[in-house]
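Dear colleague,

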Amino acid sequence: MNLEQELRERSGAKCELCSASENLKVYEVPPTSTRGVDGSLLTCETCLDQIENPDHTDAKPLALFK
Amino acid sequence: MPNHWRCLNDSMWSEFRAVQTIAWRMLSRLKSEEWPQGLLDMLYLDNETLKWAQATGEGIDESEKIIHRDVNGVVLETGDSVVLIKDLKVKGSSMVAKQGTAVRRISLDPENSEYIEGKVGPTQIVIITKYVKKLS
């Protein structure tokens, strides 16, 4: 069984963060000193995009008008 | 889209450390709002998991971040390899770490920007950043 299959089994084929069931990807949590299933999670594209791009998540405004 | 992350309300209780780690990081990123700070206050991580979660510097203001730099001012990260630029006596032992020794997969002292750790031979030692040069 490969990593993705193991994670699918663990999560019930759902995003482990928001429970979405589509566009699921394996995310190896950096720094990747813990490898394999323990160091990874199954997540959807929406979550992944925001994890990797802090600009897309920021609660603070990205720019302010004077 | 901070509201997307209200999902962490449930998923932060996952038994899996990778999920806990990302929940902690995302809540830390959003903690200027009230609800993520509230969840963060409830989220308990064991020491090892907390260290992992903190390893990317998430949730720390740039000005508070401890940055480790080598002799040339190059930023060092966990997992980097460095080379010693002079012979270093290892305190409390007769061992000398020789100039030119490569130290692979270093880790950073989270509290002191002058200290990194790495293995020289079989021994884990603390090395002062001004005596190392990053290997690219």
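**Backbone features of chain A**

Asn23(A) is placed in the loop between H1 and S1 of chain A; helices (H or I, at least four residues) and strands (E, at least two) are DSSP runs, numbered from the N terminus. Please note that this is a predicted model, in which local features need pLDDT of at least 70 and side-chain atom pairs count only at pLDDT 80 or more, while totals for chains, interfaces and linings use all residues. Residues are numbered from 1 along each chain as its sequence is written, and chains are lettered from A and ligands numbered from 1 in the order in which they are written.

Although Asn23(A) is not a glycine, its phi is positive, near 55°. The residue is exposed, with 12 other C-beta atoms within 10 Å. Here a residue is buried if 20 or more other C-beta atoms lie within 10 Å of its own, exposed if 12 or fewer, and partly exposed in between, with C-beta atoms placed from the backbone. The loop between helix H1 (3–11) and S1 of chain A also holds Ala13(A). Ala13(A) likewise is not a glycine and has a positive phi, of about 55°; Ala13(A) is exposed, with 12 other C-beta atoms within 10 Å. In the loop between S1 and S2 of chain A lies Pro31(A), and the peptide bond from Pro30(A) to Pro31(A) is cis, with omega near -15°. For context, most residues other than glycine have a negative phi, and most peptide bonds are trans.

As to the chain overall, chain A contains three helices and two strands, in the order α-β-β-α-α from the N terminus on. Of the 66 residues in chain A, 24% are buried.

**Confidence**

The predictor assigns the complex an ipTM of 0.83 and a pTM of 0.62.

Between the chains, 23 residues of chain B are in contact with 20 residues of chain A; two residues are in contact if their C-beta atoms, placed from the backbone, lie within 7 Å. On the side of chain B that touches chain A, helix H1 (8–11) and helix H2 (17–29) of chain B each supply at least two residues. H2(B) gives the largest share of that side, seven residues. By class, the side of chain B that touches chain A comprises 12 nonpolar, eight polar and three charged residues. In this classification Ala, Val, Leu, Ile, Met, Phe, Trp, Tyr, Cys and Pro count as nonpolar, Asp, Glu, Lys and Arg as charged, and the others, Gly among them, as polar.

H2(B) is largely enclosed by the rest of the structure, because 10 of its 13 residues are buried. Among these buried residues are Ala18(B), Trp24(B) and Arg25(B). The buried residues of H2(B) pack against strand S2 (40–44) and helix H2 (45–52) of chain A, together with H1, helix H3 (34–42) and helix H4 (47–54) of chain B.

**Nonpolar cores**

A nonpolar core is a set of buried Ala, Val, Leu, Ile, Met, Phe, Trp, Tyr and Cys residues joined through C-beta atoms within 7 Å. In the largest, of 26 residues, Leu41(A), Leu8(B), Ile22(B), Ala23(B), Met26(B) and Leu27(B) touch the most other members. The largest share of this core, seven residues, again comes from H2(B). Not counting residues up to four places away in sequence, Leu41(A) touches residues including Tyr27(A), Phe16(B), Val19(B) and Ile22(B). Another core, of eight residues, lies apart from it, with Val82(B), Leu108(B), Ile116(B) and Ile127(B) among its members.

**Sheets of chain B**

One open sheet of three strands has the order S4-S1-S8 (chain B), with antiparallel pairing; two strands pair if DSSP finds at least two bridges between them. Strand S1 (residues 81–84) of chain B is joined to S4(B) by two bridges, and Val83(B) has Ala102(B) as its bridge partner in S4(B).

A further open sheet of three strands, also antiparallel, runs S5-S6-S7 (chain B). Strand S5 (107–108) and strand S7 (123–128) of chain B stand at its edges with a single partner strand each, so one side of each has no neighbour in the sheet. Six bridges pair strand S6 (residues 115–120) of chain B with S7(B); in S7(B), Ile125(B) is the bridge partner of Gly118(B).

With kind regards
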